[in-house]
Every structure is written in C-alpha cells, then in structure tokens.
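This report covers selected helices, a sheet, the contacts between parts and the nonpolar core.

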Amino acid sequence: MSTPNNTAKAYTGTPTSRVDGRAKVTGAAKYAGDFNAGGLAYGAVVEATIARGRIARIDAGEALRVPGVLDVITHENRPRVADSDEAWRDDLAPEDGSPFRPLYDDAVKFNQQPIALVLAEEWEIARYAASLVRVDYEKQPFVTDVYRRRDDAIVVEKPDKLRGDAAKAFAAAEVRHEADYFIPTEHHNPMELFATTAMWEAGGPLTVYDKTQGVQNVQQFLCGVFEKKPNEIRVISPYVGGAFGAGLRPQYQVVLAVMGALKLQRSVRLVLTRQQMYGLGYRPATIERLALGARRDGTLDAITHEAVGTTSQFEEFSRNDTGWSALLYASPNARYEHRVAHLDVPTSCDMRAPGAATGVYALESAMDELAVALKMDPVELRLRCYSERDQNEDLPYTSKRLRECYREGAAAFGWDRRKPEPRAMRDGKALVGWGMASGVWEALQVPVAVRIAMTANGHAEVSCAASDIGTGTYTIMAQVAADSLGLPIENITIHLADSTLPSAPVEGGSWMAASACHAVIATAGEVRSELLRRAKLMKGSPLADAVEEDVTLSDGKLVSRRQTDRGVSISDIMRHAAMERIEKEKTNEFAQDKAHARNTHSAVFVEVKVDEELGVVRVTRVVSAVAAGRVLNPKTARSQVMGAVVGGIGMALHEETIYDHGLGRIINHDIAEYHVPVNADIHDIEVIFVDEPDALINPLGMKGLGEIGIVGVAAAVANAVYHATGVRVRDLPITLDKVLGRRQAA
Amino acid sequence: MQDGAVHPGASPSPLPEKVSVTLIVNGIERRFSVLPWVSLLDALRDHLDLTGTKKGCDHGQCGACTVLVDGRRINSCLTLAVMRDGAHVTTIEGLAANGALDPLQQAFIDHDAFQCGYCTPGQICSGVGLIAEGRAKTADEIREFMSGNICRCGAYPNIVSAIQQAMGAKP
C-alpha cells in the first residue's frame with residue numbers, strides 16, 4: 001500500500017458537493033431505462049397468479065394477433081439457456097439451492113413469478129397484449145406465513161463454540177426479560193423501476209444497460225446463463241436510482257430483456273411495473289426471540305437471541321440476525337441461533353443492513369424493556385454492559401467510540417431532561433416519548449481495482465467497475481483522486497459501472513467507500529512512482545536524489561515532502577519524457593489483520609409525539625451519533641445517515657408487505673398501499689459524526705456508512721413510543737391500531 | 001385468466017388510430033403521432049427522447065414523473081398526451097436557461113437534496129411549481145405540499161432546505 005499524500009488535503013474530509021450533481025438536477029443522468037435507440041422493442045411481463053403449481057396450458061394466440069406484437073416468449077418457446085445451477089449462480093447467490101430461472105419450465109414457485117414475456121413495437125401494445133395471454137394452472141398447496149413454518153425452520157447460523165450456559169444463567173438471573181419481536185416482510189422500493197435496455201448490434205457485443213449494484217456480477221451471470229464469451233456481453237449502469245440491496249443479485253428482467261434481444265435480434269427494453277417489483281427479493285419476515293438476564297446493577301449475565309427468517313423453497317438465503325446480540329454487549333453467557341423457514345415465495349435478499357436492521361431492532365427493544373425492569377436509564381444500562389472487545393471473537397476493535405456516541409448524542413438531544421416514567425411528558429394534547437438505541441455494523445473491505453489515466457495537461461480519468469447507487473462513490477473517489485494526484489477536483493473524471501472497467505464486486509455491505517478510495521490511492525501511488533522515475537532522468541532535476549517516500553503530488557507538481565518548493569511540474573516531467581499520458585492500474589491491498597474486529601457503531605435518540613386519541617405517531621426529532629472512523633465527505637455522509645434514519649422511521653412506523661396467506665399473494669403491492677415515509681412524515685434529523693481516529697483499519701482511517709445509519713432506528717422509535725404511551729408494540733410497523741388497541745387492553 | 005377458460009379463436013380489439021398531438025415542450029413546438037393510450041410521461045420519454053422525467057410507479061403514487069403543464073405541476077403519468085394537445089410543458093431539461101441552472105436546481109446541489117437522483121427531476125419540477133403557487137410559507141407547509149414526491153433515499157430535510165433557499169426564505 002502506498003502512503004497517502006499527507007501534504008495537501010484540500011478535498012478529503014471537506015464537505016464537497018456531488019460531482020454528479022449537475023447531471024442529476026438537469027435530467028442528464030441516464031438510468032437503465034433511459035437509453036433510447038432506433039428500433040427499440042418493448043417488453044411486458046405476464047406474472048403467475050398462483051403461489052405454487054404448474055402451468056397446464058399457456059395460450060398467447062390472442063396476444064400475438066395484436067398489431068405491433070413481435071413475439072410472446074414462454075417456457076415452451078424460449079431460446080436455449082444454461083441448465084446447470086452453477087451457471088445461474090451469481091456472486092451473491094446462496095451456496096445452497098437452485099437459483100430461479102425465469103421462463104425455464106412449467107413450474108410455478110411463487111406468486112408474481114414471470115411466466116411470459118410479450119415483445120412489441122410499443123410499450124403500451126406489449127402491456128395490452130400481456131393482458132390477453134391465457135393461462136391454466138394446476139394448483140398445489142402452499143404456505144406463505146412464517147408462523148406456520150416456525151417449527152420446521154432449519155438452523156443456518158450458530159456459534160462454533162458456546163459461550164457459557166445462557167439458559168442456566170438466564171434462569172438464575174436477578175432480573176429477566178424475555179419476549180418475541182416481529183419484523184414483517186419489507187420491500188426495498190427504490191424509486192427507479194427495475195429496468196434493462198439490451199442493445200443488439202449485428203456482429204457486435206450485446207450492450208446491456210441494467211439497474212444493478214454490480215455490473216460485473218450481472219455480466220458474468222449473463223455469460224453463464226446464455227453461454228456467451230466474456231467479450232460478447234457488456235453491462236453498463238452509470239446511474240442507479242436507488243437499490244438498497246435489491247440490485248445486488250441480477251433480477252429476472254435482465255434475463256428476459258437479453259432473451260428477447262437475442263430472439264428478436266433487436267434491441268429490447270424491459271421495465272418492470274412497481275407492482276411486479278413485489279415479485280423480486282425482499283427483507284425477510286423474521287420472528288426474533290430475546291432472553292436477557294441481568295444483575296440488579298445492570299450487568300448482563302445471559303443473552304439468548306433466536307430468530308426465524310424466511311426464504312424460498314428453492315434457495316437458502318439468510319443473514320444472521322442473532323450474532324449481533326452476542327457481539328455487542330459484555331455477557332459471560334451468550335447463545336445465538338438463526339433459523340430459516342422455506343416458504344412458497346421468491347428468495348429473500350439483502351435489504352439495507354441485512355440481519356442488523358432486524359436483529360438489532362429486537363436486541364435494542366429488549367434492552368429497553370430490561371432497563372424498564374431494572375428501573376435504570378437506558379443509556380446507563382448500555383454503559384454498564386459496554387464492551388471494549390468483540391464479544392464473539394474476543395478481539396479488540398481497530399476503533400470503537402460508541403461511548404462517545406452515547407455521550408454526544410445524549411447531549412445534543414437533551415436526554416438528561418427525560419422523565420423516566422412512561423406517559424410523563426406531554427406537549428399539549430400529545431404524549432411525548434424519548435427513546436434510544438445502539439447500532440452496530442461491519443467495516444468490511446474488499447479487493448477493488450482502479451485505473452488512472454493522467455494527461456500532461458493535468459487531467460486524470462479514474463475508472464472502476466464499481467457502482468454508485470446514490471451513495472456518493474463518484475464524489476469521494478474524485479476527492480481522494482484529486483488529493484492523491486495533487487490536482488483540482490474539476491480535473492478529475494470518474495468512470496464507473498461498466499463491466500469492461502477494472503474489477504470491483506457489487507456495491508453493498510458498506511464496503512465500497514473504503515475499498516474504492518484505497519484503490520485510488522494505490523493506483524495514484526503507481527502514477528507518482530512513474531513520474532518520479534521520469535523526473536529523476538531530467539537534467540539538473542531537483543528530485544535527482546529523491547526516493548519514493550520523499551515525494552508527493554501537490555498543486556500539479558511532484559514535490560519533496562520536506563521541502564515543497566523543491567519539485568517539478570507534472571507537465572514538465574511528461575513533456576520531457578515525451579509522454580502524453582500515464583496509465584496505471586492497481587488493486588487495493590489491505591493489511592491482513594486478524595487480531596482486530598472492524599465495526600461501525602451508533603447511538604440513536606428519538607422523540608415521538610403520539611396523539612392520545614387517534615394513536616398517530618410522529619417522529620419529531622432524531623439525533624443519530626455515528627462512529628465510523630474518518631469521514632471523507634461530511635456533506636454526503638450526513639445525507640447518507642439521514643436517509644438511513646428515514647428508512648428506519650419507515651421500518652418502525654410504515655413498512656409492511658401484507659400477504660393474503662389464503663391466496664399466497666401480496667395484497668399491497670404498490671407504493672400507495674405499501675407505505676414509505678413522505679416529506680411530511682420527516683422532521684428534524686441531526687447527524688453527529690464522533691471523532692474516531694483509527695490508525696489500524698486502513699491508511700485513511702475510514703469505514704463505510706451505507707448501513708449503520710438505519711441500525712437501531714426502529715428500536716429507538718419503538719422505545720420512544722413505549723415511553724410516550726406505556727404501550728409496548730413488539731411487532732412492526734407500529735401502526736395506530738396497535739398503539740390504541742393495546743392501550744385499551746392494558 | 002384463472003377460470004380455466006381458453007379462448008383459442010378470440011381476436012383482440014383492433015388498435016385505435018394514432019392521433020396527432022402538438023406540445024410546446026421547453027419552449028419548442030413538438031408535433032408527433034401517438035396512440036391515444038400513451039401517457040404524457042411515455043410520450044416525453046419514448047417519443048420525444050426527454051428521459052429526464054422518470055417513471056416510478058405509473059399510478060400517480062410517487063411523483064417522480066412530475067412536470068409543469070401550463071405552469072402547474074402535475075403527474076405526467078396520470079394524463080394522456082392527447083389530452084394536452086397545445087399545452088406548454090416544462091420538463092427538468094427545460095429549467096436551466098442557457099446553461100445557467102434554475103435557482104432550485106442549484107439549491108438542490110448546495111443542500112445535497114438527493115442521493116440516487118431518480119426522484120430529483122420530479123422533486124425539482126414539483127418545487128418550482130410549489131414556489132410559483134406561493135402558498136407554502138413555513139417548513140411544515142413545504143413538507144405537506146411536497147409530500148406527493150417520494151424520495152426513498154430519504155433526502156427530505158435537505159429538499160425542504162433547498163426549497164427554502166430558492167424561495168429566498170431563511171433556512
């Protein structure tokens with residue numbers, strides 16, 4: 001790893017407007033469904049209307065007679081695709097199971113499964129014709145309710161070695177709390193509809209504009225599915241209209257669009273409807289059971305966390321909800337176990353902070369209930385069981401400033417003015433409640449390669465296959481490149497999300513920021529080395545004796561670190577070497593440090609106001625204090641955490657995918673009936689980044705921010721609702737019927 | 001069809017004739033022919049190559065397709081192109097004049113009022129419409145009158161700040 005440039009930090013750490021801002025406010029930013037071309041054919045999907053069974057007969061005759069319809073593809077007439085599970089397994093596919101293959105055969109595995117693709121000259125014609133495709137089914141029994149499969153769920157995660165005896169310690173504990181919590185199925189609902197435009201060109205590669213968080217994942221997947229060579233398919237996705245995990249795995253529309261383009265030998269666009277997006281992956285409905293045993297002084301003796309999540313019948317997707325509970329707080333006895341129930345639904349998938357948004361909701365709700373039982377302030381309880389070490393691995397952290405999150409968050413919120421008893425605070429007719437929760441996520445780093453092409457006029461193009469799904473990757477890479485190359489940010493151009501660019505995995509898990517930025521630094525180091533090598537050859541070079549560690553790039557010059565007026569301009573070096581451009585590519589390298597745990601943390605403080613008569617809950621104030629190492633761009637970082645808090649408020653109060661378990665079908669599959677927060681739902685949100693120096697994790701001392709902002713938010717809201725009303729709602733979302741109903745019952 | 005009925009001989013209804021429509025889009029007269037079932041949104045995107053206006057639901061639920069028609073903000077997915085013959089339509093592509101951003105576009109950049117950017121054209125057109133309506137005075141009123149435009153990235157507080165800046169109000 002090259003050392004980062006330490007002399008000129010003009011951009012890194014400074015609030016910087018998005019470099020893609022102008023494209024986004026003028027409509028110039030193009031998303032997957034925005035690429036137009038002459039001769040484009042449009043697709044429309046026909047979905048299954050049963051949860052399980054087989055297609056006995058499918059009749060596209062009437063649809064095909066609609067003028068303008070080009071073709072109707074079903075399992076009966078589809079082009080050849082690969083027939084091994086291996087070919088269909090993308091980078092994010094679960095190890096076990098058989099990935100879904102659209103239009104593969106007559107089996108119906110879930111409601112809203114695509115069963116036909118209509119292709120037409122215009123989208124409206126395709127949509128109309130899709131309504132004319134007639135289907136007969138042979139239905140089979142199905143189950144879509146996790147509670148009906150709770151006892152059959154399969155264990156997928158548990159510790160290799162048990163820590164103490166949690167059951168025994170719980171039974172003997174001075175104070176106990178035990179309860180079930182429930183998070184319903186949630187859908188990501190990014191604003192952009194899932195879309196693919198597949199550009200067909202005779203003799204050329206198929207260029208696929210796809211809504212995805214990982215162009216190379218999709219490219220390799222398509223090559224496998226359609227048995228193509230790598231140079232025959234190119235996947236591009238310069239802008240992604242939100243994804244939140246929904247775009248980690250290739251979705252079925254990309255398969256169908258490519259299938260259509262190959263069959264018609266013509267460019268095809270397929271945009272799913274909002275309703276059809278409920279046939280994609282989702283945050284799994286999860287039942288969580290927490291059992292906490294404590295001493296009267298608030299130290300924990302026993303933590304048990306068991307969860308049952310959901311997946312399809314054909315793939316075993318899960319994220320461990322329960323490990324967080326054993327990791328976060330000091331307790332001599334701890335046990336966790338995550339199980340998964342197979343239902344007749346699509347495979348579940350990652351949704352922002354998968355496993356933690358849900359698991360930590362349950363843990364932090366239970367901790368609040370324990371604080372009530374102990375008659376202890378909730379912040380104080382967390383300080384009593386504070387752990388300086390990862391409790392699962394028994395490792396110290398590269399950095400952990402969660403204590404400062406509690407302190408700074410509480411101070412900004414005014415927590416010391418909280419009256420501990422429920423229903424003790426009012427604002428006119430509204431009951432006021434203050435709740436808090438902790439958050440935790442991983443600080444992962446993955447291999448990413450970056451190419452830099454610098455020209456003699458002091459411009460640099462930085463290229464990488466990574467995606468920017470709205471997280472600000474373009475901007476922080478430009479900041480780091482500008483600093484590492486000693487150039488103004490305006491002279492940096494970032495190219496992302498093209499499968500032909502240097503390799504990067506999917507953007508997710510909060511790993512891309514640190515990974516991509518250190519790939520920029522590593523590659524900039526190569527550019528600097530090349531410049532030094534050339535500069536030393538110059539006659540009378542002031543850097544003749546310099547070694548690599550001595551020099552840095554600053555203000556368009558290669559200069560001595562100790563004596564910044566001693567140097568040569570980049571343009572002089574390149575002119576002297578008769579070079580028009582220097583091009584380097586390198587992959588980041590992180591120290592292999594198995595002796596430390598790497599995590600981000602947060603403390604979330606929430607104020608709710610509850611209308612006592614109507615039960616309406618409003619979140620009026622949130623303070624989120626985050627410890628995530630060094631913050632590269634306070635402006636976009638604040639937005640990212642703020643947006644995650646909004647997502648957490650949605651999770652707490654609004655979001656729920658509702659099934660009719662008798663039909664095995666989602667009944668609120670649009671964005672009017674599936675509620676997400678709107679502007680009027682959101683009030684003051686303050687984001688604090690506590691100072692968390694980290695000399696161990698990476699040279700910049702940075703950690704990712706994509707997930708940490710949502711973790712703990714739902715619990716903090718639920719805890720605030722309890723504090724306001726005295727009503728403990730343990731199944732999300734906290735809707736007014738639950739607030740009112742239980743209050744009357746109490 | 002779930003009743004098991006098969007219609008092997010059925011013929012679909014014939015398609016209607018295309019209709020000629022004239023719109024003044026971003027100050028330029030555009031004449032085109034579309035089937036009468038084409039929404040204004042799809043006419044802009046698929047027939048006039050103005051893809052800055054986004055489709056997020058096609059049902060008037062999300063606001064991503066908001067444009068200004070004769071100065072008023074509407075969901076372009078809820079109106080047919082043929083119903084707007086002769087209308088003046090302003091899309092996100094038409095807000096900047098000679099390369100200079102509209103004050104609200106600049107305010108969105110200044111306040112980081114977006115992340116993924118997909119709802120942004122609709123938010124900005126809606127905000128321009130709101131400012132022209134002149135009825136939002138307070139932050140709460142802005143929140144209320146901007147609630148037809150969903151932002152899943154959760155940029156709402158920054159959107160309110162950006163609109164306040166463009167309104168010339170104190171943040």
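## Helix 8 of chain A

Helix 8 of chain A is largely enclosed by the rest of the structure, because ten of its 13 residues are buried. A residue is buried if 20 or more other C-beta atoms lie within 10 Å of its own, exposed if 12 or fewer, and partly exposed in between, with C-beta atoms placed from the backbone. The buried residues in helix 8 of chain A are Y252(A), Q253(A), V254(A), V255(A), L256(A), A257(A), V258(A), M259(A), G260(A) and A261(A). Helices (H or I, at least four residues) and strands (E, at least two) are DSSP runs, numbered from the N terminus.

The model is predicted: local features need pLDDT of at least 70, side-chain atom pairs count only at pLDDT 80 or more, and totals for chains, interfaces and linings use all residues. Residues are numbered from 1 along each chain as its sequence is written, while chains are lettered from A and ligands numbered from 1 in the order in which they are written.

The expected span of a helix is 1.5 Å times one less than its number of residues. For helix 8 of chain A (residues 252-264) this gives 18 Å, and the end C-alpha atoms are 18 Å apart, which agrees. Q265(A) follows the helix with a positive phi, near 55°.

## A three-stranded sheet in chain A

In chain A, three strands form an open antiparallel sheet in the order 4-2-6. Its edge strands, each pairing on one side only, are strand 4 (107-108) and strand 6 (134-139) of chain A. Two strands pair if DSSP finds at least two bridges between them. Strand 2 (residues 53-59) and strand 4 of chain A pair over two bridges in the antiparallel sense; A107(A) in strand 4 is the bridge partner of R54(A).

## Contact between the chains

Residues are in contact if their C-beta atoms, placed from the backbone, lie within 7 Å. Chain A gives 59 residues to the contact and chain B gives 58 residues. On the chain B side, the elements that give two or more residues are helix 1 (40-47), helix 2 (103-110), helix 3 (120-133), helix 4 (139-145) and helix 5 (156-167) of chain B. That side divides into 30 nonpolar, 17 polar and eleven charged residues. Here Ala, Val, Leu, Ile, Met, Phe, Trp, Tyr, Cys and Pro count as nonpolar, Asp, Glu, Lys and Arg as charged, and the others, Gly among them, as polar.

Helix 1 of chain B has seven of its eight residues buried, so it is largely enclosed by the rest of the structure. What covers its buried residues includes helix 4 (123-130) of chain A and strand 2 (28-34) of chain B. Just after helix 1 of chain B, D49(B) has a positive phi of about 55°.

## Domains of chain B

An automatic or database domain assignment supplies the domain bounds. Chain B is divided into domain 1 (19-94) and domain 2 (103-167). Their C-alpha centres lie 21 Å apart. The contact takes 15 residues from domain 1 of chain B and 13 residues from domain 2 of chain B.

## Nonpolar core

A nonpolar core is a set of buried Ala, Val, Leu, Ile, Met, Phe, Trp, Tyr and Cys residues joined through C-beta atoms within 7 Å. The largest has 308 residues, of which V118(A), C464(A), A516(A), C517(A), V717(A) and V721(A) touch the most other members. Helix 14 (residues 512-536) of chain A gives the largest share of this core, 14 residues.

Key
Two residues are in contact if their C-beta atoms, placed from the backbone, lie within 7 Å.
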